[in-house]
Amino acid sequence: MKIEHVTKKMEQTTIIENVNFSLEKGEIVGLIGRNGSGKTTLFRTIAGHYLLDDGEISIDNQRLDQYPQLKEQLFYIDEKENFLSAYSLKKLNQFYRLAYPNFDQNLYLELMQSHGLPLTLSYRRMSKGMQGLYKMILAIASNATFLLLDEPFDGLDVIVRKKVIGLLLESLSESNRTALIASHNLNELEHIIDRALLIKGKTIEGDYRLETIREQSRKLQLVFRSKQIPPLIKQHSKLIQKQGRVLTALFDNYTEELAAEIQQLDPLVFEELPLTLEDLFEANLRQEALVEG
Amino acid sequence: MLSNLFKERYGKLLIGFCFVVLFMYISAGWQSQKAWHQQERYLASEEFIKDFNENREYYVKSYNGETPVYFDSTAEYRDAALTINKEYSDEIYYNHPYMTTMNQFVIVFLFLIGFLSFFVDGRTHFNRFLFALPFSRKQVFGKKLLFIGLPLTACLVLGLLGHILIEYAMIPARYLAVPLQDVLLSALSTLATNLLVFATGLLLGVLLGNLFTGVLSVFFTISLGSMGYSFFQCTREFFSFVFLGHGDFLLPFQTWIDWPQGYVYPWWLLLLYLGLSGLLILAAEKVFSKISLENDGDYLTIPKLRAPVYWLLSLGTWFYLSMISYYPLEIFYRDLYEGYDVSLWNIALRLGLLLVACLFISLLLVYPKALMNWWYKRKNKQVSNI
């Protein structure tokens with residue numbers, strides 16, 4: 001799936017602009033960004049809820065607006081605004097079974113039974129955790145190639161969260177399906193995703209392969225004699241934290257040469273810390289204003 | 001797939017609606033023949049014969065100038081009273097078994113079904129599910145329209161035919177003065193009116209998005225629509241005054257037929273109404289295709305239509321309310337009736353105030369967000385100046 005130059009405006013305000021990325025089959029991609037950065041807008045635009053102001057979305061090089069039948073490969077349930085509350089799980093099953101031609105009814109029933117969800121239950125009466133679990137079951141049973149999951153772990157307790165993640169990983173590992181997951185729970189996301197898309201300033205600013213990041217980037221804790229941050233550090237890193245003279249910084253392209261140059265500055269402390277997705281998020285988005293929407 | 005989804009979503013409700021439509025026509029037909037038979041029994045009773053003989057002066061057949069002409073016998077009166085014509089005679093007074101208020105219920109019901117069939121899916125977020133399906137908006141609209149429209153139209157046809165069948169089967173033929181062909185054509189005219197009303201409701205259901213102001217507008221439309229006859233009469237009289245210099249021009253044909261009483265639209269008007277229904281449905285489809293769901297809670301689901309809808313709503317409502325309140329006609333009544341002492345300034349002032357009210361209320365309906373933003377900006381400015 002390719003997202004090219006996608007722009008969406010609301011009431012003359014640009015929410016996302018010139019968004020470009022592609023999703024390959026079989027990968028799990030995280031979409032990370034601050035509140036109001038346009039993650040949900042991007043999902044809704046891909047799913048067809050919102051009309052595009054510019055750009056195109058295609059699957060197998062065919063545009064979704066011209067070949068809407070390709071949308072059967074997409075699964076998305078809006079987190080906030082959906083119709084599920086009005087129905088029982090049995091009725092919802094009917095809807096999704098009809099909507100997705102490859103819906104795996106046996107798998108659906110099996111998952112429902114194994115997680116103790118009776119079909120007669122009303123969606124409205126379920127706890128938030130159970131609703132999240134149920135939406136994941138629907139997503140998996142839909143057999144859609146591209147799963148768009150907006151905050152799937154939001155509000156789930158640790159037990160349900162582990163169940164949901166387990167379910168997702170098990171399903172995706174067995175098939176050639178792709179998941180694009182927006183989540184604030186970066187600790188969880190880090191262990192699931194292959195790639196992270198960083199949405200900032202209304203567009204995708206970074207596309208990181210976690211493996212490459214682990215190879216190329218470093219998180220260092222440094223203490224220098226002077227309170228001033230040396231220009232070399234400013235030039236090559238993104239500051240995560242500064243407490244007195246203690247700096248914690250993320251170096252995107254960390255090389256042996258750079259390490260040697262830093263050592264030449266004679267730091268009092270030079271320590272490598274474990275790099276997490278949260279660091280990446282913090283280093284890149286620390287300066288971005290919190291936007292509503 | 002779509003038809004099955006719609007079956008899951010609306011199936012039972014649609015069956016219910018169809019039964020209501022059938023029930024309204026069939027029950028009205030049954031009530032009509034029942035009323036006729038009650039009338040027949042009464043006109044054959046001793047009580048009636050006694051009353052007729054004792055109070056002959058009440059049983060007026062017609063007027064010869066100022067002089068009343070009375071019925072000669074109970075049989076003559078009975079025949080006149082029980083005969084079903086398509087309209088009241090100016091000269092003969094009798095009970096009309098076709099009289100019903102059910103036509104108003106059918107019209108309001110169809111308008112509401114048209115409106116709700118699209119409005120509810122917007123408000124309950126079912127459109128979010130539909131828009132994510134592997135179909136174009138055009139396909140979703142078309143399938144939904146067929147799913148709801150076809151059975152409903154079939155029930156309207158069945159209901160109309162059933163209504164006619166009950167009356168023509170249960171009332172002796174010699175009392176039915178309207179030819180069956182006319183009644184069937186009248187049913188066709190009624191169907192055209194019904195479809196026009198349904199299509200109007202449907203367009204509003206697609207176009208309006210706000211739960212409060214959208215529903216308010218629909219009730220407003222129904223309330224104003226119930227005064228449609230006054231509006232039509234006043235408008236006809238007004239333009240008759242303007243173009244002919246007198247107010248008594250009558251159209252030689254019916255412009256609104258909502259019950260199969262025997263009235264028939266001229267063929268061109270029938271085609272016009274059917275064409276208008278088609279255009280409204282086409283407009284609804286175009287609007288549906290352009291809906292982007294970030295606007296689904298706004299008064300209008302398509303922001304680009306705000307300006308044209310605002311002007312149409314405000315000026316249209318102003319014209320409608322002006323007409324049903326007779327304000328423009330008073331300009332001509334001043335010359336027509338002695339002692340009609342109203343100045344032109346007075347009329348202009350009332351029309352002007354009504355226009356301002358319509359412009360203001362329409363502004364509140366169509367541009368609530370813009371007004372709120374303006375209000376907050378103004379308030380913030382005041383606070384920052386302190």
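Visitor: How many Å separate the centres of domain 1 and domain 2 of chain A?
Guide: The centres, taken over C-alpha atoms, are separated by 38 Å. This is a predicted model.

Visitor: Which residues belong to which domain there?
Guide: In chain A, the domain assignment gives 2–211 as domain 1 and 218–274 as domain 2.

Visitor: And the open sheet in chain A, what order do the strands take?
Guide: The order is β12-β13-β11-β14, 4 strands with antiparallel pairing.

Visitor: Why is one side of β12 and of β14 left without a neighbour?
Guide: β12 (237–243) and β14 (269–273) of chain A each have a single partner strand, so they stand at the edges of the sheet.

Visitor: How much are neighbouring strands turned against each other?
Guide: On average by 20°, with direction ignored.

Visitor: What packs on the sheet?
Guide: Helix α10 of chain A, residues 277–285, does. Helix α10 touches β11 (218–223), β12 and β13 of chain A, and its direction makes about 95° with that of β12(A).

Visitor: Back to β12(A), how many bridges join it to β13?
Guide: There are 6 bridges between β12(A) and β13 of chain A (residues 246–251), and the two run antiparallel. As one example, A:S237 has A:F251 in β13(A) as its bridge partner.

Visitor: New topic. How many residues of chain B are in contact with chain A?
Guide: 18 residues of chain B, and they meet 23 residues of chain A.

Visitor: Which helix of chain B gives the most to that side?
Guide: α5(B), with 4 residues. By class, the side of chain B that touches chain A has 10 nonpolar, 5 polar and 3 charged residues.

Note on methods: Residues are numbered from 1 along each chain as its sequence is written. Chains are lettered from A and ligands numbered from 1 in the order in which they are written. This is a predicted model: local features need pLDDT of at least 70, side-chain atom pairs count only at pLDDT 80 or more; totals for chains, interfaces and linings use all residues. Two residues are in contact if their C-beta atoms, placed from the backbone, lie within 7 Å. Ala, Val, Leu, Ile, Met, Phe, Trp, Tyr, Cys and Pro count as nonpolar, Asp, Glu, Lys and Arg as charged, and the others, Gly among them, as polar. Domain bounds come from an automatic or database domain assignment. Two strands pair if DSSP finds at least two bridges between them. Axes are lines fitted to C-alpha atoms, for helices over the stretch in contact, and angles run from 0 to 180 degrees between N-to-C directions.
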